[in-house]
Amino acid sequence: MEDIKRRDFLKYAGIGGALLLSNSASMGILKSAFAEETKELRLTASITEVDIGIGKPLKTWTYNSSAPGTEIRVKEGETLRVHLKNNLPEETTIHWHGVPVPNKMDGVPDITQKPVQPGQSFTYEFKASVPGTYFYHTHVSYQLDQGLYGPLIIEPKREERSYDREYVLLFDDWAAVDGGGPEASKMGRTRPGMMSMGGMGMGGGMMGMMRRQPEAGEPLQEPIYDAYVMNGKIFKASPPLKVKKGERVRLRIINAAAATTFVLRLAGHPLIITHADGLPVKPLEVDALRIGMGERYDVEFMANNPGRWQIYNLNDGSPAGGWSLGTVLYQGIESKSYNDDSMTRIRLNEYSLLEGVENSYGKPVGKVDKTFRMTLSGGMMGSPYWTINGKVYPNTENITVRRNEHIRFEFFNMSMMAHPMHLHGHSFEVVGSGRSSRTRIRKDTLLIPAHMGEGAVEFIADNPGAWMHHCHNLYHMMAGMANVVKVT
Ligand SMILES: [Cu+2]
């Protein structure tokens, strides 16, 4: 969103809420009494015109009149209090993706709260207990694919790594019609049923392989997208990320897209992964970063290769293949042309290569008390539904566990698309990561590969309440790929 000099943080660290107060106008902060303990701000959801850089404004749904919405940045241990005002024509909520909040603050309509009606308000309040890169978004209907999201950064009390500069990069897919993805879907701009992620080519334009129009009461199909944006702008409208030679730069990367997995590369620079879904990992160098919907990674790169470089999406069979997304520009570079990127092999962030580090934010799971096996399926033969163990939400089986039980989920993907499975209220260990040291990574969203892909996670059910567990492809979630985990 904006670059923030690490040194500035250090400068402000000694004087409590100075940073918060200095940002108070733009952040919509109402008051900063007890600045170190409570941060209070207002998010207004409304229909707004935004300019993503395609030459015409688009009417979409936003927080505080921009997509992404206002960046929220708090310190570990602070309480965040957010007043949501709903100026939309529909009910809405806010979900704090990845943050282990108390159940009634989790923002899932009719499960953790009554949705906020048009014209009404709701106040969310929770302690920012686990530092990391998160985002907040609506959990109602198809609103996520209309722009209702924003970054949420919880700064650690003590920063383990030193870096010179930081950027928050939020990626999204965009259907360039008023109302975004769901409106495009209603117009019939959807993917054909049997197609896998591969072979679709560019996301823009009409594919000529229209699926049948959904019948009344059926879920919407995933739209064909026209554009992919970084921080709300397409490539040619995206302001360059400025760096200086010799700097160590942190990127906090968030995939807020409704239905696109990105494989991100910064030309000319390897990326060092330092955090997965907010939590620290043993630094791992990769050439490109595969990131599913709902996942976040913090990466660093050394600015030691002066030039003008693209951030782009690799053609990895993804519908976003080959798209340029942004620019990294070194100070002093005048040339308008981009440096060439050459690679002979691409190292990706396979979960098996990532290793966790001991931290105080989660106890190792160890022995498992209960295992739940989930077969993910759907989308075949033009079916509009996506299933867990053959059932469509809300008819999927609830998973009921006792508080502090040690739980294992095993996933088996019978379908032709990958599914980023996201659990609310908890983080989980990724089984199969950290094989050498046995320290697994902890995440809250796990991408289960297509075509017989498998994955498993383990967690301690230590947060009581009814928690959503679902595919973070919005169109799969809305078409049934969800269940509820009841921690009693
Ligand atoms: Cu899915």
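Which residue in β29 does Phe409 stand opposite? The residue is Val457, and the two strands concerned are described below with the rest of the fold. The structure is a predicted model, in which local features need pLDDT of at least 70 and side-chain atom pairs count only at pLDDT 80 or more, while totals for chains, interfaces and linings use all residues. Residues are numbered from 1 along each chain as its sequence is written.

The mean pLDDT (the predictor's confidence in each residue, from 0 to 100) of the protein chain is 88, and 87% of its residues reach 70 or more. Two stretches stay under 50. Over residues 1-35, where pLDDT is under 50, the model has 43 contacts beyond four places in sequence, a contact being two residues whose C-beta atoms, placed from the backbone, lie within 7 Å. Over residues 193-210, where pLDDT is also under 50, it has 29 such contacts.

The protein chain contains five helices and 31 strands. Helices (H or I, at least four residues) and strands (E, at least two) are DSSP runs, numbered from the N terminus. Of the contacts between residues at least 6 apart in sequence, 75% join residues at least 24 apart. Buried residues account for 49% of the 488 residues in the chain. A residue is buried if 20 or more other C-beta atoms lie within 10 Å of its own, exposed if 12 or fewer, and partly exposed in between, with C-beta atoms placed from the backbone.

Strand β5 (residues 79-86) is joined to β7 by seven bridges in the antiparallel sense, and His83 has Thr123 of β7 as its bridge partner.

Another open sheet has six strands, ordered β22-β21-β24-β29-β26-β27, and its pairing is also mixed. Strands β22 (386-388) and β27 (442-443) are at the edges; each has a single partner strand, so one side of each is left without a neighbour in the sheet. Strand β21 (residues 370-378) runs parallel to β24 (residues 406-413), and seven bridges join them. Within this pair, Lys370 has Ile407 of β24 as its bridge partner. With β29 (residues 453-460), β24 pairs in the antiparallel sense over eight bridges, and it is here that Phe409 stands opposite Val457.

In a regular strand the side chains alternate between the two faces of the sheet.

In soluble globular proteins, nonpolar side chains tend to be buried together. The largest nonpolar core has 122 residues, of which Phe171, Ile253 and Leu289 touch the most other members. Such a core is a set of buried Ala, Val, Leu, Ile, Met, Phe, Trp, Tyr and Cys residues joined through C-beta atoms within 7 Å. Strand β10 (residues 165-174) gives the most to this core, with six residues. Not counting residues up to four places away in sequence, Leu289 touches Ile253, Leu264, Leu271, Tyr297, Val299 and Asn349.

Several loop residues were also examined. Ala258, in the loop between β13 (248-255) and β14 (262-266), is buried, because 29 other C-beta atoms lie within 10 Å. Ala258 and Leu474 are 216 residues apart in sequence, yet their C-alpha atoms are 5.1 Å apart in space.

Cis peptide bonds join Ala67 to Pro68, with omega about 0°, and Tyr393 to Pro394, with omega about 10°. Pro68 is in the loop between β3 and β4 (72-75), and Pro394 is in the loop between β22 and β23 (399-401). Asp110 is not a glycine but has a positive phi of about 70°; this residue is exposed, with 11 other C-beta atoms within 10 Å. Asn231, likewise not a glycine, has a positive phi of about 50° and is buried, with 23 other C-beta atoms within 10 Å.

Note on methods:
Pairing = 2+ DSSP bridges.
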